[in-house]
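Here is a short report on salt bridges. Look at the sequence and the model first, then read on.

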There are 2 protein chains.
Amino acid sequence: MQIVIIGSGNVAYHITKAFVFNKIPLVQIFGRNEKELSKISEELNIPFSSEKLEDADLYIICVSDNSVEEISKLISKKNCLVAHTSGSLPKEILVGEYRKSSFYPLQTFSKSKELEYKKIPFFIETENEEDKKILFEIASKVSENVMESTHEKRKYIHLTAVFACNFVNHLFSRAKEISDSQEIPFDYFLPLIDETVQKIHEIEPKSAQTGPAVRNDKRVLELHEQLLKDESLEIYKVMNHSIQKMYEL
Amino acid sequence: MQIVIIGSGNVAYHITKAFVFNKIPLVQIFGRNEKELSKISEELNIPFSSEKLEDADLYIICVSDNSVEEISKLISKKNCLVAHTSGSLPKEILVGEYRKSSFYPLQTFSKSKELEYKKIPFFIETENEEDKKILFEIASKVSENVMESTHEKRKYIHLTAVFACNFVNHLFSRAKEISDSQEIPFDYFLPLIDETVQKIHEIEPKSAQTGPAVRNDKRVLELHEQLLKDESLEIYKVMNHSIQKMYEL
């Protein structure tokens, strides 16, 4: 099986790396950004091109959602399998006479952060059983956690991930902005943050809720509002409102 | 040194447990909720009372913020040290002729979740050097991470913790609500959540941001808004707005 990875961003980098580490042969990484491609190519010892797409049996498109359709048109081969890695796009976004599929890794990828690939859930959607078998076999070399998912379900998986990961990380950014403003080292908060996450491995998040909003401590809520402004104040109000709604306070 | 813990909630339970585990002798746990007190008393083998406060050198008040003042009036002894454990109250909230102090553990406490006490940062504020020495010595038996903090600074530490812990946990609750609605096991998201937190041990949260808002992916943002309603939709809008403001998108 000849495989080409398309893209040079965070997902492309980590998928390529995960494949190399698990001895899944790659014939090429292809994309538009030659500088990024050459870095990945050099680190992982895979040929790259920004001009000529190699012939392959499987193309995995790892580019941002709004480029998937356009990039997919570059694949003129007919008898091959093409997968995109988007959480929200249908496999039908792919334009070509090949077999279409989705290969969605549920993780947050940054080039500068190493990852344990074995634990990443992969969600797979294909046109037929044979393609499903192909993608399951490949994903299972990378991860212990490979599943099927329809497009409908995948949209909700992605949406849940936005809350549980992207928004959580943004709260860390806003939290750090507050502690930075008072010259309080953000490191102080790491044990608390670790415990916040440890907790939900054992307790339902709804039962783990602590803090002034769930205690309905109006004095503290008012005090905090006086310390905040702009976006952080908006977040503060909306989150407290949502907490109090959830617990019917 | 004779020490009494006042309270029977999450903080009182864990402070008592941390003291017992580190062989800091306690003469009593005191509070209003006899049922909870008797459970803690039985588990940790410390006498309890809801009626007669024992004589002690140090009283640590671990009750919710709006009860601290009232409870502090029960301590009629003059030559003793009293500490509260609130993140937002000044030590002057304590009403009595004793020496006043603050003993603030930066952590999220739930009775049903065990904790590694050694890593909890403790922030201490006292009226004089001698009391500071007393509280530092005690806290240092529990934790490797004991510091001084003014009331002004402590307010911001607490506020940062609300963002980094309380709000983060609420995002997990709302995330789980979404995945539950589609019968997607929340366990799927634990590797992603773990990685989200692992990341900020190594990278600044601002550099670790991923997701549709920071990519300014309008199609996905609109799609997600259609899948959401009520409080989750409000959170979605405010968080994306805040992300886009932070990255000037």
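Which side chain meets Arg219(B) in a salt bridge? The partner is Asp65(A), at 3.3 Å from N to O. A salt bridge is a side-chain nitrogen of Lys or Arg within 4 Å of a carboxyl oxygen of Asp or Glu.

This is a predicted model, in which local features need pLDDT of at least 70, side-chain atom pairs count only at pLDDT 80 or more, and totals for chains, interfaces and linings use all residues. Residues are numbered from 1 along each chain as its sequence is written, chains are lettered from A and ligands numbered from 1 in the order in which they are written, and side-chain values use heavy atoms, leaving out hydrogens and water.

Over all chains, a search of the whole structure finds 38 salt bridges. The pair of Arg219(B) and Asp65(A) crosses between chains. Arg219(B) lies in helix 9 (residues 218–227) of chain B, and Asp65(A) in helix 3 (residues 65–72) of chain A. Helices (H or I, at least four residues) and strands (E, at least two) are DSSP runs, numbered from the N terminus.

| Pair | N to O distance |
|---|---|
| Arg219(B) and Asp65(A) | 3.3 Å |
| Glu125(A) and Arg154(A) | 2.9 Å |
| Arg215(A) and Asp217(A) | 3.7 Å |

Glu125(A) sits in strand 7 (residues 122–125) and Arg154(A) in helix 5 (residues 151–181), 29 residues apart in chain A. Both are buried. Buried means under 20% relative accessible area, exposed over 50%, and partly exposed in between (1.4 Å probe, protein chains only).

Arg215(A) is partly exposed at 37%, but Asp217(A) is buried at 2%. Shared partners join Lys91(A), Glu92(A), Glu125(A) and Arg154(A) into one salt-bridge network.
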